[in-house]
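Subject: Structure for you to look at

Hello,

Here is the structure I said I would pass on. Please open it first, then read my notes beside it.

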Amino acid sequence: MKPLVYYCRWQRASLRLRGRDSTAVWGQLVFQTADGKEETQDFRYLLDSAELIVQDEAGEHHHRLDEKGVPLPQES
């Protein structure tokens, strides 16, 4: 789960965990707006593959994270 924590630091987001099982954790990424309000994005993080799945208005986004939480380039 360390890559997820690092990813949140790079994105200036807080984690709001809602659940966990043996394969994944899920919840919300919480961002502070300039006016002090919160914006949230639902996420699911797959523990074995370090894959972060983020849901927003545009749809679902998949990111594989390295050990420092940096998204890896998408494979074609």
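Below is what was found in it, from the overall fold down to single residues.

Two points before the findings. This is a predicted model, so local features need pLDDT of at least 70 and side-chain atom pairs count only at pLDDT 80 or more, while totals for chains, interfaces and linings use all residues. Residues are numbered from 1 along each chain as its sequence is written, and side-chain values use heavy atoms, with hydrogens and water left out.

**The whole protein**

The protein has 1 helix and 5 strands. Read from the N terminus, the order is α-β-β-β-β-β. Helices (H or I, at least four residues) and strands (E, at least two) are DSSP runs, numbered from the N terminus.

How compact is the protein? Its radius of gyration is 12 Å, close to the 11 Å that the globule rule gives for 76 residues, so the protein is as compact as a globular protein of that length. That radius is taken over C-alpha atoms, and the rule is 2.2 Å times the number of residues to the power 0.38. The C-alpha trace spans about 35 × 30 × 25 Å along its principal axes.

Buried residues make up 29% of the 76. Buried means under 20% relative accessible area, exposed means over 50%, and partly exposed lies in between (1.4 Å probe, protein chains only). The accessible surface comes to about 5,300 Å², and 47% of it belongs to carbon and sulfur atoms. These areas come from the Shrake-Rupley method with a 1.4 Å probe; for residues, only the protein chains shown count as cover.

Now look at contacts, meaning heavy atoms within 4.5 Å. Take those with a separation of 6 or more: residues 24 or more positions apart account for 23% of them.

**The hairpin**

Find strand S1 (residues 14-20) and strand S2 (residues 24-32). They pair in the antiparallel sense over 6 bridges. Two strands pair if DSSP finds at least two bridges between them. S1 and S2 form a hairpin, with 3 residues between them. Arg20 stands opposite Val25 in S2. In a regular strand the side chains alternate between the two faces of the sheet.

**Two buried leucines**

Start with Leu4. It lies in helix H1 (residues 2-11). Leu4 is buried, with a relative accessible area of 0%. Leave out residues up to four places away in sequence, and Leu4 touches Leu15, Val25, Phe43, Tyr45, Leu52 and Leu65. Leu4 and Leu47 are 43 residues apart along the chain, and their C-alpha atoms are separated by 9.4 Å.

Next, Leu52. Its place is in strand S4. Leu52 is also buried, with a relative accessible area of 0%. Beyond its neighbours within four places in sequence, Leu52 is in contact with several residues, among them Leu4, Tyr7, Phe43 and Leu65. Lys2 is 50 residues from Leu52 in sequence, and the two are 12 Å apart in space, C-alpha to C-alpha.

**One salt bridge**

The structure holds 1 salt bridge. The term means a side-chain nitrogen of Lys or Arg within 4 Å of a carboxyl oxygen of Asp or Glu. Which residues form it? Glu38 and Arg16 do, with their closest N and O atoms 3.0 Å apart. The pair links distant parts of the chain: Glu38 is in strand S3, Arg16 is in strand S1, and they are 22 residues apart. Glu38 counts as partly exposed at 45% relative accessibility. Arg16 also counts as partly exposed, at 26%.

**A nonpolar patch**

Met1, Val5 and Leu17 make a nonpolar surface patch of about 220 Å². Patches are made of residues with over 30% relative accessible area and no salt bridge; like charges are joined within 9 Å, and nonpolar side chains (Val, Leu, Ile, Met, Phe, Trp, Tyr) within 5 Å. Leu17 is found in strand S1. At 44% relative accessibility, Leu17 counts as partly exposed.

**Two positive phi angles**

Arg12 is not a glycine, yet its phi is positive, about 55°. Arg12 is found in the loop between H1 and S1. Is Arg12 buried or exposed? Arg12 counts as exposed, at 75% relative accessibility.

Ala50 has a positive phi too, near 55°, and is likewise a residue other than glycine. Ala50 lies in the loop between strand S3 (38-46) and strand S4 (51-56). Ala50 counts as buried, at 12% relative accessibility.

Best wishes
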